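Welcome to the tour! Keep your viewer open, have the selection tool ready, and let us walk through this model one stop at a time.

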Amino acid sequence: MPKQRKPNFPGPRNFNSGLSLHVLIFLALLFVQVGCAKQMGQHLCAVDECFGQDMWQESIDRIATHNFPEEQYYGKVYSDQLSNAWTTNDNNVNISEDLLTKLVYMGDAYIASVTAHEIAHIRSHHYSRKASLSHVSSFDSQDTGPFSYRARKHKARLSRQNELEADQLAVQYMENAGYKKEDYLNFLKWMKSNLKDAAPSDLATHPPIQLRIKRIEKLQPFASEKE
Ligand SMILES: [Zn+2]
């Protein structure tokens with residue numbers, strides 16, 4: 001009598017290897033996620049952990065004191081190799097250690113340009129998950145998210161308008177805090193030659209820096225308007 005063939009059910013061994021595969025996939029995904037989070041600048045620096053943290057908060061306080069003395073804004077520095085500054089839906093003014101290090105090297109007015117610009121976003125409720133100063137177009141092109149192309153295009157146009165508005169307000173806040181329009185212009189020019197500019201496109205969330213420079217050059221000093 002021929003031996004009956006063993007039924008081809010997944011035995012405990014198969015089950016275990018299936019489970020291991022799931023665990024492996026899970027671990028791989030977790031690894032990728034942690035990797036991305038790290039790359040996206042999710043590691044918040046502890047007190048005195050990162051370079052320039054004190055100067056970042058001092059600059060925020062100076063802009064706030066001369067413009068919105070009743071408000072408190074909190075400087076957050078993230079350990080990140082990308083040059084970014086961004087705001088979220090609160091009074092946190094965020095920057096990557098990489099960008100902050102460059103700004104500290106350039107001087108006080110450069111730091112103030114970024115704090116003023118980011119506070120302008122907060123005051124105008126331009127909430128953005130991560131408004132990058134430098135890598136905007138590359139982030140956006142990867143963001144396939146729930147938005148249709150048309151909706152994303154609309155969102156990007158609004159974001160570009162917000163950037164121009166934040167630039168104008170930043171100049172005003174800086175002048176109130178004792179800086180000059182030229183300080184902000186110097187910062188934009190420095191950014192143009194030192195950070196990656198967003199390629200002009202319907203989905204770019206930032207206008208080309210050259211356009212931002214032109215707009216600010218045309219802007220009358222707010223201090224002289226008051227006279
Ligand atoms: Zn901005």
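Start by selecting H4 together with E3 and E4: H4 lies across E3 and E4, running at about 25° to E3. Keep in mind as you look around that this is a predicted model.

**The whole protein**

Now zoom out. The protein has 9 helices and 4 strands, and along the sequence they follow the pattern α-β-α-β-β-β-α-α-α-α-α-α-α. Of its 227 residues, 32% are buried. Residues 24 or more positions apart account for 70% of the contacts with a separation of 6 or more.

**The sheet**

Next, select the strands. In what order do the 4 strands of the open sheet come? The order is E1-E2-E4-E3, and the pairing is mixed. Colour strand E1 (43–44) and strand E3 (85–87): these are the edge strands, each pairing on one side only.

Click on Thr 87, and you will find Val 93 of E4 standing opposite.

**Helix H2**

Select helix H2 (residues 53–67). H2 lies across strand E2 (74–79) and E4, and runs at about 150° to E2.

Bring H4 back into view beside H2. Their axes are 9 Å apart and the packing angle is about 60°, so H2 and H4 are oblique to each other. H2 passes H4 in a right-handed crossing. To see where they meet, show the side chains of Met 55, Trp 56, Ser 59, Ile 60, Arg 62, Ile 63 and Ala 64 in H2, then those of Ile 111, Ala 112, Thr 115, Ala 116 and Ile 119 in H4. Sorted by class, this contact has 9 nonpolar, 2 polar and 1 charged residues.

**From H4 to H6**

At what angle do H4 and H6 pack? The angle is about 120°, with the axes 8 Å apart; H4 and H6 are therefore oblique to each other. Here too you can look for a right-handed crossing, as H4 passes H6.

On the H4 side, the contact residues include Ala 112, Ala 116, His 117 and Arg 123. On the H6 side, look for Asn 162, Asp 167, Leu 169 and Tyr 173, among others. The residues of this contact divide into 9 nonpolar, 4 polar and 2 charged.

Terms used
Residues numbered from 1 in each chain as written. Predicted model: local features only at pLDDT ≥ 70, side-chain atom pairs only at ≥ 80, totals over all residues. Axes fitted to C-alpha atoms, helices over the stretch in contact; angles between N-to-C directions. Helix = DSSP H or I, 4+ residues; strand = E, 2+ residues; numbered from the N terminus. Parallel < 35°, antiparallel > 145°, perpendicular 65-115°, else oblique. Left-handed = near helix turned anticlockwise from the far one by under 90°. Contact = placed C-beta atoms within 7 Å. Nonpolar A, V, L, I, M, F, W, Y, C, P; charged D, E, K, R; others polar. Pairing = 2+ DSSP bridges. Buried ≥ 20, exposed ≤ 12 C-beta atoms within 10 Å, placed from the backbone.
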